[in-house]
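Subject: Structure for your files, with notes

Hello,

Here is the structure I said I would pass on. Please open it alongside this message.

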Amino acid sequence: MKHLSNISLKDHNTLKINASCSNFYVIENKNDLSEMIKINLGGSRHVLGAGANVLFKSDFKGTILQIVMNKISVLKESTKHVEVEADAGVVWNDLVEWSVNNNLGGIENMTSIPGLVGAAAVGNIAAYGQNISDVCVGLTAYEFETGRFKNFSSQECGFSYRESIFKNELNDKYLILSVIVRFNKNPEINSEYWSKKHGSVGDVLKDNGKPPYTLRNVVDAIIKIRRSKFPDMNEFGTAGSFFKNPLVSKGELESIRKLVPNVQYYPVEALHYVDNLLSVDSDFVKIAAGDILDNGMGYKGKWSGNVGLYKNHALVLVTNGEATGEEVDEFAKKVSEDFYKFCSVNLEREVVTI
Ligand code: EPU
């Protein structure tokens, strides 16, 4: 197990915040876990993936743990499915590429999302109509308190919109070691996701070629869409969507439509990944906060000091690599406050603030 002390986290978070950390442990194998239980980690603890969804508001006085195990193994195969176990340290996009190269469907629309597999499960990542919660059949985690391994079923992971039990009740109690994904051997192309800017994924596929489309065609189409709206991570600090799209009642939607006439929204019924709300909240819709920030408030491309909202997508907060965590936090708070003033809706963070 590698141990570093008093290091800068700048290269460990995609917002490029130069916070320091007292103790940083790199977990290289399962033996390191038994070592870990002997060490008094002290202070607070945070499990870090690639730091693609975290804001370090200030220096981190506790211990950071990072898993680097990165094996992908086939567990079982039936006529329709293949179940694969991916270590938490696998780069998410490597798993996407592995699946597409093996013509296994289920995560191709989630191409190019930065981060590692363990964090992908924690944040229940999703894009263009696919969600990790749709394909994750379970995971294995290490319990800090007891030093035991525990298997969680997908149900037990408590997945909902960009949330899981590991981001909430079990935050920092477990270290995810591996995630089991069930792939489809006869992939169906999922190209319905629609946005004002690009039309549907199907439209982009059509522009690129003729059916029948392969998983590689889908990956190429999504990369084309993503390139036009997300910043180059070599140029900017960014964590993708900084805020979540809020759920609002249909009554609230009507008020918002008076402010932003064609605001994009999605019926909650279509959002199977907010399944814990489905039974009670069919009166709710999810609104595209980026659309409101852009077409309602004119905030796309708005900067203050070293922090801004990206010129091609208003939900994506960017830094110039020089911003402090405090500065980002203040900027994000101001955006949320202004959003509330504009349409009386809370704009919550998707990014975890530490
Ligand atoms: N829009 C604008 N102006 C903007 C931004 C967006 O008019 O500045 C419009 C778009 O044209 C579109 C609608 O708003 O009609 C929604 O935008 P988009 O399709 O980009 O999706 P989003 O709701 O902003 C969500 C996820 C993304 C995911 C995309 C595609 C959240 C918080 N974000 O973004 O996930 O890639 O859908 O599925 O749910 C992430 O979680 O970090 C992330 C990037």
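Confidence first. This is a predicted model. Its mean pLDDT is 93, and 95% of the residues reach 70 or more. The exception to keep in mind is residues 272-280, where the pLDDT is below 50. In the model that stretch has 16 contacts beyond near neighbours in sequence. Where pLDDT is low, the predicted coordinates should not be read in detail.

Domains. The protein is divided into three parts: domain 1 covers 2-67, domain 2 covers 72-184 and domain 3 covers 237-353. Taken over C-alpha atoms, the centres of domain 1 and domain 2 are separated by 21 Å. Domain 1 puts 13 residues into the contact between them, and domain 2 puts in 18 residues.

Ligand site. There are 27 residues around the ligand, and those that come nearest are Tyr 161, Tyr 193, Lys 229, Gln 264 and His 313. Sorted by class, the shell holds 10 nonpolar, 8 polar and 9 charged residues. Domain 2 and domain 3 each supply at least three residues to this shell.

Which atoms of the protein lie 2.7 Å or 3.0 Å from an oxygen atom of the ligand? Two cases involve the backbone: an N or O atom of Tyr 128 lies 2.7 Å from a ligand oxygen, and an N or O atom of Ser 241 lies 3.0 Å from a ligand oxygen. The ligand would expose 820 Å² if taken alone, and the protein buries 92% of that. Strand 15 (237-241) and helix 9 (289-296) are the elements that give two or more residues to the shell. Helix 9 gives the most, with 4 residues.

Backbone details. Most residues other than glycine have a negative phi, and most peptide bonds are trans. Pro 212 sits in the loop between helix 5 (201-208) and helix 6 (215-229).

Regards

Methods
Residues numbered from 1 in each chain as written. Predicted model: local features only at pLDDT ≥ 70, side-chain atom pairs only at ≥ 80, totals over all residues. Heavy atoms only, no water. Near = heavy atom within 4 Å. Polar contact = N/O pair within 3.5 Å; in protein donor to acceptor, adjacent residues only side chain to side chain. Areas by Shrake-Rupley, 256 points an atom, 1.4 Å probe, with all protein chains shown as cover. Nonpolar A, V, L, I, M, F, W, Y, C, P; charged D, E, K, R; others polar. Domains from an automatic or database assignment. pLDDT = per-residue confidence, 0-100. Contact = heavy atoms within 4.5 Å.
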